[in-house]
Amino acid sequence: MSDEEIEIEIGADGKVVVRTIGIKGPRCVDVAEAIAQVVGREESRQLTDEYHEAGVQAMARVEQRVRRFGLD
Amino acid sequence: MSTVLVVSPLLVASWPLLSAAITAAVSSMGYATARAMQDSSVRAGQKATARAEIELEDSEILAGGAGTDERLVVERDGILAIFSRDARGALKLCVEGAGRSKAELKQIGEALVGRVAQQYAYHRLMTELKDRDMTIIEERVGADQAIHIRVRNR
(Lines give C-alpha, C1' and ligand atoms only; values in the text may rest on other atoms or scores of the structure.)
Protein backbone atom coordinates (compact mmCIF):
# COMPACT_ATOMS: atom_id res chain seq x y z
CA MET A 1 0.00 0.00 0.00
CA SER A 2 1.24 3.49 -0.84
CA ASP A 3 2.45 5.76 1.96
CA GLU A 4 1.87 8.76 -0.23
CA GLU A 5 -0.84 11.04 1.09
CA ILE A 6 -2.25 14.45 0.35
CA GLU A 7 -3.87 16.69 2.94
CA ILE A 8 -6.27 19.33 1.67
CA GLU A 9 -7.74 22.08 3.80
CA ILE A 10 -10.50 24.27 2.35
CA GLY A 11 -10.94 27.31 4.57
CA ALA A 12 -14.26 29.04 5.25
CA ASP A 13 -12.97 31.83 3.00
CA GLY A 14 -12.44 29.37 0.15
CA LYS A 15 -8.66 29.39 0.38
CA VAL A 16 -7.16 25.94 -0.23
CA VAL A 17 -3.98 24.50 1.29
CA VAL A 18 -2.57 21.38 -0.37
CA ARG A 19 0.09 19.47 1.55
CA THR A 20 1.81 16.32 0.29
CA ILE A 21 3.06 13.68 2.72
CA GLY A 22 5.57 10.96 1.89
CA ILE A 23 6.05 11.98 -1.73
CA LYS A 24 9.75 12.60 -2.17
CA GLY A 25 11.53 14.76 -4.68
CA PRO A 26 10.11 17.00 -7.38
CA ARG A 27 7.17 14.64 -7.95
CA CYS A 28 5.55 16.03 -4.78
CA VAL A 29 5.33 19.41 -6.52
CA ASP A 30 3.74 17.84 -9.60
CA VAL A 31 1.12 16.07 -7.48
CA ALA A 32 0.32 19.19 -5.42
CA GLU A 33 0.19 21.39 -8.52
CA ALA A 34 -2.20 19.05 -10.29
CA ILE A 35 -4.59 19.24 -7.33
CA ALA A 36 -4.15 23.00 -6.90
CA GLN A 37 -4.84 23.79 -10.56
CA VAL A 38 -8.32 22.33 -10.22
CA VAL A 39 -9.44 25.06 -7.83
CA GLY A 40 -7.57 28.20 -8.67
CA ARG A 41 -4.45 30.29 -8.59
CA GLU A 42 -1.36 29.43 -6.56
CA GLU A 43 -0.55 32.09 -3.98
CA SER A 44 2.51 30.58 -2.35
CA ARG A 45 4.49 27.39 -2.04
CA GLN A 46 6.86 25.91 0.47
CA LEU A 47 9.28 23.09 -0.28
CA THR A 48 10.28 21.24 2.84
CA ASP A 49 12.72 18.57 3.96
CA GLU A 50 11.28 15.65 2.00
CA TYR A 51 11.57 17.51 -1.28
CA HIS A 52 15.24 18.27 -0.72
CA GLU A 53 15.87 14.79 0.74
CA ALA A 54 15.46 13.15 -2.66
CA GLY A 55 17.90 15.61 -4.18
CA VAL A 56 20.47 14.97 -1.46
CA GLN A 57 20.12 11.19 -1.89
CA ALA A 58 20.60 11.49 -5.66
CA MET A 59 23.72 13.62 -5.12
CA ALA A 60 25.10 11.06 -2.63
CA ARG A 61 24.63 8.26 -5.19
CA VAL A 62 26.46 10.26 -7.84
CA GLU A 63 29.32 10.97 -5.41
CA GLN A 64 29.50 7.26 -4.49
CA ARG A 65 29.79 6.28 -8.17
CA VAL A 66 32.40 8.92 -8.81
CA ARG A 67 34.49 7.56 -5.92
CA ARG A 68 33.94 3.93 -6.97
CA PHE A 69 35.15 4.52 -10.49
CA GLY A 70 37.92 6.86 -9.40
CA LEU A 71 36.58 9.67 -11.48
CA ASP A 72 37.32 12.43 -9.00
CA MET B 1 6.37 17.21 5.03
CA SER B 2 7.32 17.87 1.46
CA THR B 3 5.31 20.49 -0.41
CA VAL B 4 2.71 22.97 0.77
CA LEU B 5 0.77 25.03 -1.78
CA VAL B 6 -1.67 27.79 -0.87
CA VAL B 7 -4.29 28.40 -3.55
CA SER B 8 -6.93 31.10 -3.87
CA PRO B 9 -10.04 29.87 -5.64
CA LEU B 10 -11.16 30.92 -9.10
CA LEU B 11 -14.86 30.43 -9.56
CA VAL B 12 -15.33 29.55 -13.22
CA ALA B 13 -18.54 27.66 -13.84
CA SER B 14 -21.94 27.74 -15.46
CA TRP B 15 -24.78 29.31 -13.51
CA PRO B 16 -26.43 25.96 -12.63
CA LEU B 17 -23.15 24.68 -11.14
CA LEU B 18 -22.49 27.90 -9.30
CA SER B 19 -26.02 28.16 -7.97
CA ALA B 20 -25.65 24.60 -6.60
CA ALA B 21 -22.55 25.76 -4.69
CA ILE B 22 -24.41 28.87 -3.48
CA THR B 23 -27.38 26.81 -2.30
CA ALA B 24 -25.15 24.35 -0.43
CA ALA B 25 -23.18 27.17 1.20
CA VAL B 26 -26.10 29.35 2.28
CA SER B 27 -28.14 26.39 3.54
CA SER B 28 -25.32 25.44 5.91
CA MET B 29 -25.40 29.01 7.22
CA GLY B 30 -29.14 28.95 7.91
CA TYR B 31 -30.32 30.94 4.89
CA ALA B 32 -33.44 29.95 2.99
CA THR B 33 -34.35 30.69 -0.59
CA ALA B 34 -36.64 33.70 -0.85
CA ARG B 35 -39.40 33.03 -3.37
CA ALA B 36 -39.63 36.64 -4.49
CA MET B 37 -38.17 39.84 -3.21
CA GLN B 38 -41.66 41.30 -2.82
CA ASP B 39 -42.55 38.52 -0.38
CA SER B 40 -39.51 39.11 1.73
CA SER B 41 -39.89 40.08 5.33
CA VAL B 42 -37.07 42.56 4.74
CA ARG B 43 -39.19 44.40 2.21
CA ALA B 44 -42.02 44.52 4.73
CA GLY B 45 -39.82 46.28 7.30
CA GLN B 46 -40.33 49.96 8.02
CA LYS B 47 -36.69 50.83 8.74
CA ALA B 48 -34.42 52.19 6.02
CA THR B 49 -32.70 49.34 4.23
CA ALA B 50 -28.91 49.52 3.90
CA ARG B 51 -27.17 47.79 1.05
CA ALA B 52 -23.67 46.47 0.34
CA GLU B 53 -22.35 45.02 -2.90
CA ILE B 54 -19.51 42.57 -3.41
CA GLU B 55 -18.17 41.69 -6.83
CA LEU B 56 -16.01 38.61 -7.12
CA GLU B 57 -13.12 39.57 -9.38
CA ASP B 58 -11.92 35.96 -9.47
CA SER B 59 -15.10 34.57 -10.92
CA GLU B 60 -16.62 33.94 -14.30
CA ILE B 61 -20.06 32.61 -14.97
CA LEU B 62 -19.85 30.69 -18.19
CA ALA B 63 -22.45 31.16 -20.86
CA GLY B 64 -24.99 28.43 -21.32
CA GLY B 65 -28.03 27.19 -19.52
CA ALA B 66 -30.19 29.45 -21.65
CA GLY B 67 -33.50 30.30 -20.10
CA THR B 68 -32.24 30.01 -16.54
CA ASP B 69 -32.71 32.93 -14.22
CA GLU B 70 -29.16 33.93 -13.32
CA ARG B 71 -30.18 35.23 -9.94
CA LEU B 72 -30.60 33.61 -6.56
CA VAL B 73 -32.18 35.31 -3.56
CA VAL B 74 -31.75 33.99 -0.03
CA GLU B 75 -32.81 35.32 3.32
CA ARG B 76 -32.10 34.96 7.04
CA ASP B 77 -33.09 37.10 10.02
CA GLY B 78 -34.10 40.05 7.90
CA ILE B 79 -30.96 39.88 5.77
CA LEU B 80 -31.52 39.50 2.07
CA ALA B 81 -28.66 38.23 -0.11
CA ILE B 82 -29.01 38.44 -3.87
CA PHE B 83 -26.50 36.50 -5.96
CA SER B 84 -26.43 37.39 -9.64
CA ARG B 85 -24.28 37.61 -12.75
CA ASP B 86 -22.97 41.11 -13.41
CA ALA B 87 -22.54 42.74 -16.84
CA ARG B 88 -18.98 41.37 -17.17
CA GLY B 89 -20.11 37.85 -16.37
CA ALA B 90 -18.69 37.79 -12.85
CA LEU B 91 -20.55 36.75 -9.73
CA LYS B 92 -22.04 39.63 -7.77
CA LEU B 93 -23.60 39.61 -4.32
CA CYS B 94 -25.84 42.31 -2.98
CA VAL B 95 -26.72 42.20 0.72
CA GLU B 96 -29.61 44.21 2.14
CA GLY B 97 -30.92 44.57 5.65
CA ALA B 98 -32.97 47.05 7.61
CA GLY B 99 -31.30 48.53 10.67
CA ARG B 100 -27.84 47.27 9.68
CA SER B 101 -24.79 49.30 8.78
CA LYS B 102 -23.16 49.01 5.37
CA ALA B 103 -19.96 47.68 7.00
CA GLU B 104 -21.96 45.01 8.83
CA LEU B 105 -23.69 43.95 5.62
CA LYS B 106 -20.36 43.86 3.77
CA GLN B 107 -18.95 41.59 6.47
CA ILE B 108 -21.98 39.29 6.18
CA GLY B 109 -21.58 39.30 2.39
CA GLU B 110 -17.90 38.44 2.58
CA ALA B 111 -18.64 35.51 4.87
CA LEU B 112 -21.27 34.28 2.40
CA VAL B 113 -18.96 34.65 -0.58
CA GLY B 114 -16.19 32.79 1.29
CA ARG B 115 -18.48 29.86 1.97
CA VAL B 116 -19.65 29.79 -1.63
CA ALA B 117 -16.00 29.63 -2.76
CA GLN B 118 -15.43 26.87 -0.19
CA GLN B 119 -18.32 24.78 -1.52
CA TYR B 120 -17.22 25.35 -5.10
CA ALA B 121 -13.65 24.28 -4.29
CA TYR B 122 -14.90 21.26 -2.33
CA HIS B 123 -17.02 19.96 -5.22
CA ARG B 124 -14.29 20.58 -7.80
CA LEU B 125 -11.72 18.80 -5.65
CA MET B 126 -13.92 15.82 -4.80
CA THR B 127 -14.72 15.29 -8.48
CA GLU B 128 -11.02 15.49 -9.36
CA LEU B 129 -9.95 13.13 -6.58
CA LYS B 130 -12.53 10.55 -7.66
CA ASP B 131 -11.47 10.90 -11.31
CA ARG B 132 -7.88 10.27 -10.25
CA ASP B 133 -9.03 7.19 -8.33
CA MET B 134 -7.59 8.52 -5.07
CA THR B 135 -8.82 7.03 -1.81
CA ILE B 136 -10.35 9.45 0.67
CA ILE B 137 -9.22 8.28 4.09
CA GLU B 138 -10.52 11.17 6.19
CA GLU B 139 -12.98 14.00 5.78
CA ARG B 140 -14.10 16.35 8.55
CA VAL B 141 -15.19 19.90 9.23
CA GLY B 142 -13.22 21.79 11.86
CA ALA B 143 -14.52 24.18 14.50
CA ASP B 144 -13.47 27.03 12.22
CA GLN B 145 -15.69 25.53 9.46
CA ALA B 146 -12.65 24.58 7.39
CA ILE B 147 -13.04 21.29 5.50
CA HIS B 148 -10.17 18.84 5.97
CA ILE B 149 -9.68 16.04 3.46
CA ARG B 150 -6.95 13.43 3.56
CA VAL B 151 -6.39 11.20 0.54
CA ARG B 152 -4.05 8.37 -0.37
CA ASN B 153 -2.18 8.67 -3.66
CA ARG B 154 -2.15 5.36 -5.56
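Predicted model: local features only at pLDDT ≥ 70, side-chain atom pairs only at ≥ 80, totals over all residues.
Residues are numbered from 1 along each chain as its sequence is written, chains are lettered from A and ligands numbered from 1 in the order in which they are written, and side-chain values use heavy atoms, with hydrogens and water left out.

**View 1. Strands S2 and S5 of chain B run parallel.** Strands here are DSSP runs of E, at least two residues, and helices are runs of H or I, at least four residues, both numbered from the N terminus. Four bridges join S2(B) (residues 11–14) to S5(B); two strands count as paired if DSSP finds at least two bridges between them.

**View 2. Five strands of chain B make an open antiparallel sheet.** Read across, the order is S3-S6-S7-S8-S4. S3(B) (32–33) and S4(B) (49–55) each have a single partner strand, so one side of each is left without a neighbour in the sheet. Further in, S6(B) (residues 71–76) and S7(B) (residues 79–85) pair over six bridges, with Glu75(B) opposite Leu80(B).

**View 3. Two helices of chain B meet the sheet strands.** H1(B) (residues 15–28) lies across S6, S7 and S8 (91–98) of chain B, at about 5° to S6(B). H3(B) (residues 102–131) packs on the sheet, touching S4, S7 and S8 of chain B, and makes about 40° with S4(B). Contact means heavy atoms within 4.5 Å; axes are lines fitted to C-alpha atoms, for helices over the stretch in contact, and angles run from 0 to 180 degrees between N-to-C directions.

**View 4. Chain A meets chain B.** The contact takes 45 residues from chain A and 34 residues from chain B. Between them the chains bury about 3,700 Å², 56% of it on carbon and sulfur atoms; that is the accessible area (1.4 Å probe) that two parts lose on being put together, summed over both. Four salt bridges link the chains, each a side-chain nitrogen of Lys or Arg within 4 Å of a carboxyl oxygen of Asp or Glu. One of them joins Arg41(A) and Asp58(B) (3.2 Å, N to O).
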